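Visitor: Can you walk me through this one? I'd like to talk pockets.

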Amino acid sequence: MIDARRLRTLRAVADHRTVTAAAAALYLTPSAVSQQLAALEQETGHHLLAREGRGVRLTAAGEILLGHADAVLAQLERAEADLAAYSAGVAGEVTVASFATGISHVLAPAIGLLAGRAPGVRLKVLDAEGDASLPMVLDGRADLAVAVEYRGAPRADDARLTRVPLYAEPFEAVLPLAHPLAAESGPLAVAALADEPWIGPYPGNPCHDVVLLACEHAGFQPRLLHSSDDFRAVVALASAGSGVALVPRSALRGVDLARVSVRPVDSELATRRVFAAVRAGADGHPLIRPVLDSLAEAAASGA
């Protein structure tokens, strides 16, 4: 019989591509991971991994087993959810990983809603960039993620995750007050900023991908002169005349905008799409379901 714990180990190795990285994600030693994989190969009677450079890749048999592993692990999540519902007396902790503006925009309001509808549910909030929260859920370090679409993200139809759309928000152009386009009204053409120095997030930040995509669609590569993942710093640099930026609308709330001009842009691609995600099968868990519902309600009321 195949041990489900070893299937989780196989999934982690497939995701991280090295035994060492998978071990770190699972809070195990590399030798423990290697032992579990060796035992899994004995259980199945097939070689599941092959060396590839400094990492590993799945063999054809490994890929077949991985497809079944995702279905088995999702069904185990459903079983845990059903048992937890049967136990009644809903009380416990849910770990939620979210990027900073997601915390302020929907997660903090959701905590207020939970206090009235499910007072036994406690949230443990982890501040994580939009590209970090989904791996945290898949690795079991978080129960739920508030995440954004980004290049390289698990696809919307990924069998390992269940998604709940929350909101979509536009990016807006932030210009120094002295900029020639600062005083104009109406949507600003992204292409009009092609020759400007730019301020933006570091590569790897999902917002960096949105900025690049909007600029590429407008026919140019932005000349990123300054980099910061803190949008308050981005606005401060723009107010000092250091460049222009595209910033998500919610990230501008509570920021000093006295010395910049904020204008909508003409690109539908300059949009951040935010969703909640849990491991497949866990969306019915009696601790997680109220959190998902509260997040959806907070997003709808804040839209």
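**Pockets and a buried valine**

Guide: Helix 1 (4-16), helix 2 (19-26) and helix 4 (60-87) each supply at least two residues to the lining of the second largest pocket. Helices here are DSSP runs of H or I, at least four residues, and strands are E runs of at least two, numbered from the N terminus. This is a predicted model: local features need pLDDT of at least 70, side-chain atom pairs count only at pLDDT 80 or more, and totals for chains, interfaces and linings use all residues. Residues are numbered from 1 along each chain as its sequence is written, and side-chain values use heavy atoms, with hydrogens and water left out.

Visitor: What volume does the second largest pocket have?

Guide: About 340 Å³. That is the space filled by probe spheres set on the grid points, which are joined across faces, edges and corners. A pocket is an open set of points on a 1 Å grid over the protein atoms alone, where a 1.4 Å probe fits, with protein on both sides within 12 Å along at least five of seven lines; lining residues have an atom within 4 Å of a point.

Visitor: And where does the second largest pocket lie?

Guide: Domain 1 (4-83) and domain 2 (90-167 + 273-302) both give residues to its lining, so it lies between them. The bounds come from an automatic or database domain assignment.

Visitor: New topic. Is Val-265 buried or exposed?

Guide: Buried, because its relative accessibility is 13%; the cut-offs are under 20% for buried, over 50% for exposed, partly exposed in between (1.4 Å probe, protein chains only).

Visitor: Where is Val-265 placed?

Guide: In the loop between strand 10 (260-264) and strand 11 (271-279).
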